[in-house]
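Come along and check each entry against the picture.

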Amino acid sequence: MTTLFGSDAIRAIAPYQGGKPIAEVAREFDLDVSKIIKLASNENPLGTPESARQAMLQAAADVGRYPDANGFDLKAAISAKYHVPQTWITLGNGSNDLLELAAHALVQAGQAVMYAQYSFLVYALATQAVGARAIVVPAKEYGHDLPAMLQAITPDTKLIFIANPNNPTGTFIPAPQIEAFLKAVPEHIVVVLDEAYNEFLAPECQFESTAWVKQFPNLIVTRTFSKAYGLAGVRVGFAIAQAPITDLLNRIRQPFNVNSLAQAAAIAALHDADFLQKSVQCNTAGYAQLTQAFDAMKLTYLPSHGNFVMVKVGEDEQAGARVNLALLKQGIIVRPVANYGLPQWLRISIGLPHENAAFIDALKELI
Ligand SMILES: *Cc1c(COP(=O)(O)O)cnc(C)c1O
């Protein structure tokens, strides 16, 4: 399709492909919506926390008014939980919003943005959207190769994205390595540490990355309510960075980028330790269930620190697409990752026990 409009840079962008919506699969494959199992978007299989649902019902009475553009109450809750001043917090319409804001605020056309091979696709989109050049550093064992990333820094590098744990591969970088990396990166380059899956980390992997923000004026840590907090549909995330960077992000965000229902829901979820604990437990059990089945089937998978697992479903370049289509026909939605350059693999979001079991049964038939 040729068009008179837009720049070559924008036309070169391949639109982000999310997990297929349940209703779409039902239409395409003539299936009953209630029978479909979606393990495709790393959503929380426990659904919405009841505390957040109640908070949204209350907030619904007031949606005739604009939301609080400064998100005062939500920032206060985040500030208390992570021990950072409110002037260090930026709220986003999901953390995707914040990743894009970082690129817009910090990078100009022609400059360079760095990220790892097989890391979250939104980094590539944000880079292209500002007309910047991508430095894609080859992965090491499917994860970030931080020494190689340091080596690859150019004079025009302005921004580095790191996903920890990474999506779609589930790899994890231990705290000492990140800290050494942050110390070695020149101070005029901003590092975004995208921690969308932080809450799922095993206790021995946990560390307080938000405390690093005090030490490193060029660090942005991003978190989301979409995964462990069960609020993907309302779109809310936050970034923590020192005041000068936070000021830049806030200048270019839309004034009302986080709506009132999302703000109310996020506050409730942040205080709902019980739901979070249940989510983590469900995830740990589901991970064991899936990986034990993969072991029994002698399938290769990548050990994952997130709420998903990548499994190799064949050796040929069509394997992922073929198995994905066969699963879709049975009403099971998973995520092909050929667009990440991984055509032999599928990414499976960890679901409820019966959902994982249905997927495993279907996979056994297909492989
Ligand atoms: C899911 C995800 C996000 C953010 O999702 P939002 O719903 O926009 O908050 C960010 N980074 C990674 C690596 C993710 O997988």
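**Entry 1: a word to settle before I start.** I call a residue buried when its relative accessible area is under 20%, exposed when that area is over 50%, and partly exposed in between. I also remind myself that this is a predicted model.

**Entry 2: Phe 225.** I found Phe 225 in the loop between S7 and strand S8 (237–240). Which residues does Phe 225 touch, not counting residues up to four places away in sequence? I listed Leu 74, Gly 230, Leu 231, Ala 232, Val 236, Gly 237, Phe 238, Ala 266, Ala 269 and Leu 270. I also looked up Glu 199, which is 26 residues from Phe 225 along the chain; the C-alpha atoms of the two are separated by 10 Å.

**Entry 3: stepping back to the whole chain.** I noted 14 helices and 13 strands in the secondary structure of the protein chain. Then I checked the radius of gyration: it is 20 Å, close to the 21 Å that the globule rule gives for 367 residues, so the chain is as compact as a globular protein of that length. Along the principal axes, the C-alpha atoms fill a box of roughly 55 × 55 × 50 Å.

Entry 4: What share of the 367 residues is buried? I wrote down 53%. The protein chain exposes about 16500 Å², and carbon and sulfur atoms supply 55% of that area. I looked at contacts too: of those between residues at least 6 apart in sequence, 74% join residues at least 24 apart.

**Entry 5: charges.** I found 27 positive and 32 negative side chains in the protein chain, with the centres of the two sets 2 Å apart. Side chains of opposite charge can pair when their charged atoms come close. How many salt bridges does the structure hold? My note says 13, and I followed up on a few of them.

**Entry 6: Glu 195 and Arg 223.** These two form a salt bridge, with their closest N and O atoms 2.9 Å apart. The pair links distant parts of the chain: Glu 195 is in the loop between strand S6 (190–194) and helix H9 (209–215), and Arg 223 is in strand S7 (residues 219–224), 28 residues apart. Are they buried or exposed? Glu 195 has 0% relative accessibility, so I put it down as buried. Arg 223 has 4%, so it counts as buried as well.

**Entry 7: Lys 20 and its partners.** Between Lys 20 and Glu 28, the closest N and O atoms are 3.2 Å apart. Lys 20 is partly exposed at 24% relative accessibility, and Glu 28 is partly exposed at 47%.

**Entry 8: Arg 133 and Asp 156.** Arg 133 lies in strand S4 (residues 133–137), while Asp 156 lies in the loop between helix H7 (146–151) and strand S5 (157–163); the pair links distant parts of the chain, 23 residues apart. Arg 133 has 39% relative accessibility and so counts as partly exposed. Asp 156, with a relative accessible area of 22%, is partly exposed too.

Notes
Residues are numbered from 1 along each chain as its sequence is written. This is a predicted model: local features need pLDDT of at least 70, side-chain atom pairs count only at pLDDT 80 or more; totals for chains, interfaces and linings use all residues. Side-chain values use heavy atoms; hydrogens and water are left out. Helices (H or I, at least four residues) and strands (E, at least two) are DSSP runs, numbered from the N terminus. The radius of gyration is taken over C-alpha atoms; the globule rule is 2.2 Å times the number of residues to the power 0.38. Buried means under 20% relative accessible area, exposed over 50%, partly exposed in between (1.4 Å probe, protein chains only). Contact means heavy atoms within 4.5 Å. Accessible areas come from the Shrake-Rupley method with a 1.4 Å probe; for residues, only the protein chains shown count as cover. Lys and Arg count as positive and Asp and Glu as negative; His and the chain ends are not counted. The place of a charge is taken as NZ of Lys, CZ of Arg, CG of Asp or CD of Glu. A salt bridge is a side-chain nitrogen of Lys or Arg within 4 Å of a carboxyl oxygen of Asp or Glu.
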